[in-house]
Amino acid sequence: MAQQLMRTAAVVGTGLIGTSIALALTGRGVDTYLLDRDPQAAATAAAIGAGTAGRPAAPVDLAVIAVPPRHTAAVLREAQLSSLARYFTDAASVKAGPQQEAAERSCDLTRYVGGHPMAGSERSGPLAARADLFHGRPWVLTPSAHSREEAVRTALELVHLCGARPLTMAHTEHDRAVALTSHAPHLVSSLLAARMLAGDESQLRVAGQGLRDATRIAGGDSALWTDILGSNAAAVADILSELALDLNVVLEALRDVGSADPQARRRASAEIGAALSRGAEGQARIPARAPTDRKAAGQLSGASAPA
């Protein structure tokens with residue numbers, strides 16, 4: 001087993017993700033400090049065992065900036081100016097914009113590696129946090145050409161200590177990927193859930209698990225998701241434009257399926273069937289979720305820690 005190099009850390013932003021990271025690090029013996037613009041949030045995270053609320057007396061090994069994408073660069077700059085840590089990473093779900101803004105704000109990019117743990121919940125806040133939230137899940141790192149090797153190694157150790165699986169991607173590649181797999185699906189789920197506002201009580205009584213599954217993520221923090229979608233707007237718009245074309249085809253088919261013209265009915269049925277078949281094929285391509293039992297995750301994070 002490789003020697004653990006990280007002894008101290010700071011987490012800036014004690015929402016669901018930041019507090020879950022802090023719980024994981026504290027559970028692995030890392031002295032973790034919690035900072036938040038809302039002192040009560042940091043105090044709550046500390047109360048559930050995520051670390052110590054307040055600034056460390058000396059620079060820590062790694063600071064994790066766990067704030068919304070539009071604030072990541074500004075918080076990174078402030079943390080670097082105050083000598084909070086030797087190295088820095090973040091947990092924002094958009095990478096290209098914050099990286100560019102960090103450069104524009106003259107952040108020290110040699111000590112910074114972008115990151116995005118691919119895990120979450122429809123719940124928010126420190127009380128929703130879990131130490132095993134990242135077990136077996138992908139964690140994307142987006143080092144730039146400026147990132148020092150030691151900064152990358154420290155970010156990798158964070159990933160392993162949290163029990164996640166590291167993936168390295170370019171910033172724009174990451175943003176296109178999450179537009180397809182996370183951001184557009186969240187917006188579609190929200191739009192579908194909003195249709196329930198037009199339903200009366202008698203209709204909603206027949207809601208089944210399929211509707212709950214399709215709309216579960218719509219319960220997320222709307223302010224946070226407004227920030228995320230706005231920060232990755234172009235990539236999300238590309239996905240939704242293609243989806244709109246598919247919806248238009250299906251819409252026309254649904255209108256024609258009851259046509260008096262047999263040929264139109266057959267064509268419409270074929271369009272609907274093809275759409276459903278493509279959906280089944282696409283769903284089959286989604287990777288199975290990795291096991292999340294604590295024993296397996298602990299073995300993963302220990303055995304694969306960087307040298």
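**A guided reading of the predicted fold**

Serine 83 is placed in the loop that connects α3 (69-81) with β5 (85-90); helices (H or I, at least four residues) and strands (E, at least two) are DSSP runs, numbered from the N terminus. The model is a predicted one, in which local features need pLDDT of at least 70 and side-chain atom pairs count only at pLDDT 80 or more, whereas totals for chains, interfaces and linings use all residues. Residues are numbered from 1 along each chain as its sequence is written, and side-chain values use heavy atoms, with hydrogens and water left out.

Although serine 83 is not a glycine, its phi is positive, at about 55 degrees. Its relative accessible area of 45% makes serine 83 partly exposed, given that buried means under 20% relative accessible area, exposed over 50%, and partly exposed in between (1.4 Å probe, protein chains only). Serine 106, also not a glycine, has a positive phi of about 60 degrees. This residue lies in the loop between α4 (96-104) and β6 (112-117), and serine 106 counts as exposed at 51% relative accessibility.

The strands β5 and β6 belong to an open sheet of eight strands with mixed pairing, ordered β3-β2-β1-β4-β5-β6-β7-β8. Its edges are β3 (52-53) and β8 (165-168), each of which pairs on one side only. Two strands are taken to pair if DSSP finds at least two bridges between them. Between β5 and β6, which run parallel, there are two bridges; phenylalanine 88 has tyrosine 112 of β6 as its bridge partner.

A nonpolar core is here a set of buried Ala, Val, Leu, Ile, Met, Phe, Trp, Tyr and Cys residues joined through side-chain atoms within 4.5 Å. The largest such core has 34 residues, and those with the most contacts inside it are Met6, Ile21, Leu25, Phe134, Trp139 and Leu158. Two or more residues of this core come from each of β1 (8-12), α1 (16-27), α2 (39-47), β4 (60-65), β7 (138-142) and α5 (149-161), with α1 giving the largest share, six residues. Phe88 is part of a second, separate core of 18 residues, which also includes Ala73, Ala79 and Leu109.

Charged side chains supply a further set of contacts. The structure holds seven salt bridges, each a side-chain nitrogen of Lys or Arg within 4 Å of a carboxyl oxygen of Asp or Glu. One of them joins arginine 105 to glutamate 101 (2.8 Å, N to O); arginine 105 is partly exposed, at 37% relative accessible area. Another links arginine 111 and aspartate 108, whose closest N and O atoms are 2.9 Å apart. Here arginine 111 is buried at 16% relative accessibility, while aspartate 108 is partly exposed at 26%. In the salt bridge between arginine 130 and aspartate 132 (2.9 Å, N to O), arginine 130 is partly exposed at 39% and aspartate 132 is buried at 13%. Glu149, Glu150 and Arg153 are connected in a network of salt bridges.

The cysteines complete the account. Cysteine 107 is buried at 9% relative accessibility, and cysteine 162 is buried at 0%. The disulfide count is zero, under the rule that a disulfide is a pair of cysteine sulfur atoms within 2.5 Å.
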